[in-house]
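Please open the model in a viewer and keep the selection tool at hand. The stops below are meant to be followed in order.

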Amino acid sequence: MNIGQAASASGVSAKMIRHYETTGLIPKAARAYSGYRRYDERDIHTLRFIRRARTAGFSTAQIKKLLSLWQDRQRPAREVKELASAHLSDLQMRIAELQTIAHALTQLIAHCHGDERPQCPILDNLAGDDSAPRGELR
């Protein structure tokens, strides 16, 4: 199938398929006599794997490692679990950071009158004004 058909079958855009080829995440596609890229079911399966890994938030480097492990039938499952566990820890840390930011914004919004006055604790905080209410984003 051509790149448009591969994109449709895999759920990965043609632009991203080209990008994955350029970055080496997937091998360069076979070419038809006419020069068009050609993909088979194995390629579609790999693209779906990448799409699902992206949806799970894995980075390109992590996906490259996951692909390597997936294609190695002798791989120890321990390596896959370690990679996934490290990714989960990173996600949990980022969630905690986002919750802290959300709490700080909630506090700042609560202190902002939101009326015609020029005073705004949100802007004061972003500017680093020490008189801004606590719950800061610094």
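The model is predicted: local features need pLDDT of at least 70, side-chain atom pairs count only at pLDDT 80 or more, and totals for chains, interfaces and linings use all residues. Residues are numbered from 1 along each chain as its sequence is written, and side-chain values use heavy atoms, with hydrogens and water left out.

**Stop 1: helix 2**

Select residues 14–23, which form helix 2. Helices (H or I, at least four residues) and strands (E, at least two) are DSSP runs, numbered from the N terminus. Within helix 2, Ala-14, Ile-17, Tyr-20 and Glu-21 are buried (buried is under 20% relative accessible area, exposed over 50%, partly exposed in between; 1.4 Å probe, protein chains only). After helix 2 comes Gly-24, with a positive phi near 85 degrees.

**Stop 2: helix 1 against helix 2**

Two packed helices are described by the angle between their axes and the distance between the axes. Here the angle is about 100 degrees and the axes are 8 Å apart (lines fitted to C-alpha atoms over the stretch in contact; angles run from 0 to 180 degrees between N-to-C directions). Helix 1 is therefore roughly perpendicular to helix 2, the term for 65 to 115 degrees. Ile-3, Ala-6, Ala-7 and Ser-10 of helix 1 meet Ala-14, Ile-17 and Arg-18 of helix 2, where contact means heavy atoms within 4.5 Å.

**Stop 3: the aromatic pair**

Which rings form the one aromatic pair found in the whole structure? Select Phe-49 and Trp-70: their ring centres are 4.4 Å apart and their planes at 15 degrees, so the pair is stacked (centres within 6.5 Å, planes under 30 degrees apart; for Trp the six-membered ring is used). Phe-49 belongs to helix 3 (residues 41–55) and Trp-70 to helix 4 (residues 60–71), 21 residues apart. Phe-49 is buried, at a relative accessible area of 17%.

**Stop 4: Ile-109**

Finally, select Ile-109 in helix 5 (residues 77–111). Ile-109 counts as exposed, at 52% relative accessibility. Cys-120 is 11 residues from Ile-109 in sequence and 9.3 Å away, C-alpha to C-alpha.

How values were computed
Rings of Phe, Tyr and Trp (its six-membered ring) pair if their centres lie within 6.5 Å; planes under 30 degrees apart count as stacked, over 60 as edge-to-face and the rest as tilted. Angles under 35 degrees count as roughly parallel, over 145 as roughly antiparallel, 65 to 115 as roughly perpendicular and the rest as oblique.
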